[in-house]
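Please look through the sequence and the model before reading on. The paragraphs that follow go from single pairs of residues to the chain and then to the contact between chains.

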Protein chains: 2
Amino acid sequence: MKLSTQQNMINAFGGESQANMRYLHFATQAEKENFPNVARLFRAIAQAEYIHAGDHYRCLKHLDGGFVANSMAAFGPGDTSKNLKLAIAGEEFEITEMYPTYIEVAKYQGEKDAQRSFEWSYGTEIEHKKLFEKAKQAVDGGSDVELGPVQVCEVCGYTVEGDAPDICPLCKSPKEKFTAFIS
Amino acid sequence: MKLSTQQNMINAFGGESQANMRYLHFATQAEKENFPNVARLFRAIAQAEYIHAGDHYRCLKHLDGGFVANSMAAFGPGDTSKNLKLAIAGEEFEITEMYPTYIEVAKYQGEKDAQRSFEWSYGTEIEHKKLFEKAKQAVDGGSDVELGPVQVCEVCGYTVEGDAPDICPLCKSPKEKFTAFIS
Ligand SMILES: [Fe+2]
Ligand SMILES: [Fe+2]
Ligand SMILES: [Fe+2]
Ligand SMILES: [Fe+2]
Ligand SMILES: [Fe+2]
Ligand SMILES: [Fe+2]
């Protein structure tokens with residue numbers, strides 16, 4: 001793997017790992033504030049980030065040892081409204097800067113497996129940002145978010161509210177590959 | 001918080017998040033190779049890293065936005081023997097370089113809360129390295145590790161095989177704060 005794409009992949013593993021961790025801790029905070037649907041959304045999306053991190057990590061199986069990940073992450077936990085703001089900012093960065101540039105470099109370097117792993121994350125984060133925005137609107141209005149089942153594709157992390165699609169729009173896996181997070 | 005300690009805390013959150021993520025994926029691999037006790041050890045220690053990451057993250061609640069975490073992490077997943085080698089190398093780095101220097105800087109800067117969070121991790125990683133070494137010896141001999149309950153303190157992450165101590169040696173929490181990972 002070309003070194004620029006490799007470093008981007010290392011950074012992306014770091015970013016996804018930290019997003020997973022933040023969302024699990026944010027879920028606990030949402031439970032304390034009695035927002036069970038927001039907590040469920042955080043846990044579902046944490047699972048998607050776990051899948052992204054695993055996909056990226058497996059792209060690096062040619063390595064054998066320590067490397068420094070340089071990963072932008074959102075800091076400063078607070079109440080659920082603040083945590084949702086941080087979550088939205090993190091997804092926004094991934095959609096507008098991180099994954100678009102990582103995809104561009106992977107294309108330029110002919111790294112097709114890396115490009116695919118970045119594209120699966122990119123396509124997912126767009127949905128994450130929308131779901132977190134919906135949750136923030138509810139929480140800032142003083143109530144829990146109204147939320148159907150949240151479906152997470154176990155292959156690519158694609159996340160959608162409602163019924164699972166017959167075919168995952170990102171990785172083309174069948175419906176059976178979706179895990180539902182229900183209340 | 002002084003900026004050098006703050007950056008170390010940001011890096012430590014990144015490192016713990018990535019360790020948690022690696023160990024969860026390594027647990028899945030160990031299950032595939034029919035090493036259920038090694039898988040259980042990975043899941044218990046992943047939980048300890050989750051606690052470390054949360055303790056560090058809460059030390060940063062004065063922040064509000066994006067920062068870059070620079071976190072050394074072990075890359076190159078393979079079979080369980082290789083994964084244990086990577087896990088041992090990661091714990092070794094934390095024990096011999098990362099946490100000792102972060103603790104020294106926190107002491108020098110008078111950052112007592114940060115120092116405590118780093119010390120809790122440091123004291124835990126020593127036990128993690130020993131447990132992973134025991135597991136690697138068994139796996140390299142072709143069998144699963146013999147392993148009693150693995151106890152994880154939910155306050156500081158302290159990890160020990162066997163009975164939970166009456167008082168956590170790191171954070172002084174009572175026995176009730178330990179979660180047992182049993183087969
Ligand atoms: Fe992601
Ligand atoms: Fe996301
Ligand atoms: Fe998918
Ligand atoms: Fe740790
Ligand atoms: Fe550890
Ligand atoms: Fe403890």
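A salt bridge is a side-chain nitrogen of Lys or Arg within 4 Å of a carboxyl oxygen of Asp or Glu. By this rule the count over all chains comes to 20 salt bridges, and one of them joins A:Lys134 to A:Glu161, whose closest N and O atoms are 2.9 Å apart. This pair links distant parts of the chain, since A:Lys134 lies in helix H4 (residues 112-140) of chain A and A:Glu161 in strand S3 (residues 159-161) of chain A, 27 residues apart. Helices (H or I, at least four residues) and strands (E, at least two) are DSSP runs, numbered from the N terminus.

This is a predicted model, in which local features need pLDDT of at least 70 and side-chain atom pairs count only at pLDDT 80 or more, while totals for chains, interfaces and linings use all residues. Residues are numbered from 1 along each chain as its sequence is written, chains are lettered from A in the order in which they are written, and side-chain values use heavy atoms, with hydrogens and water left out.

Chain A as a whole has 4 helices and 4 strands, and along the sequence these follow the pattern α-α-β-α-α-β-β-β. The radius of gyration of chain A (taken over C-alpha atoms) is 16 Å, close to the 16 Å that the globule rule (2.2 Å times the number of residues to the power 0.38) gives for 183 residues, so chain A is as compact as a globular protein of that length. Taken along the principal axes, the C-alpha atoms of chain A fill a box of roughly 50 × 40 × 25 Å.

Turning to the two chains together, the contact (heavy atoms within 4.5 Å) takes 38 residues from chain A and 38 residues from chain B. Between chain A and chain B there are 2 salt bridges, and A:Asp64 forms a salt bridge with B:Lys85, with the closest N and O atoms 2.9 Å apart. On the side of chain A that touches chain B, helix H1 (3-32), helix H2 (36-58), strand S1 (65-75) and helix H3 (80-108) each supply at least two residues, and H1(A) gives the most, with 12 residues.

Strands also meet across the two chains, where two strands pair if DSSP finds at least two bridges between them. S1(A) and strand S1 (residues 65-75) of chain B run antiparallel and are joined by 11 bridges, and within this pairing A:Met72 stands opposite B:Val68 in S1(B).
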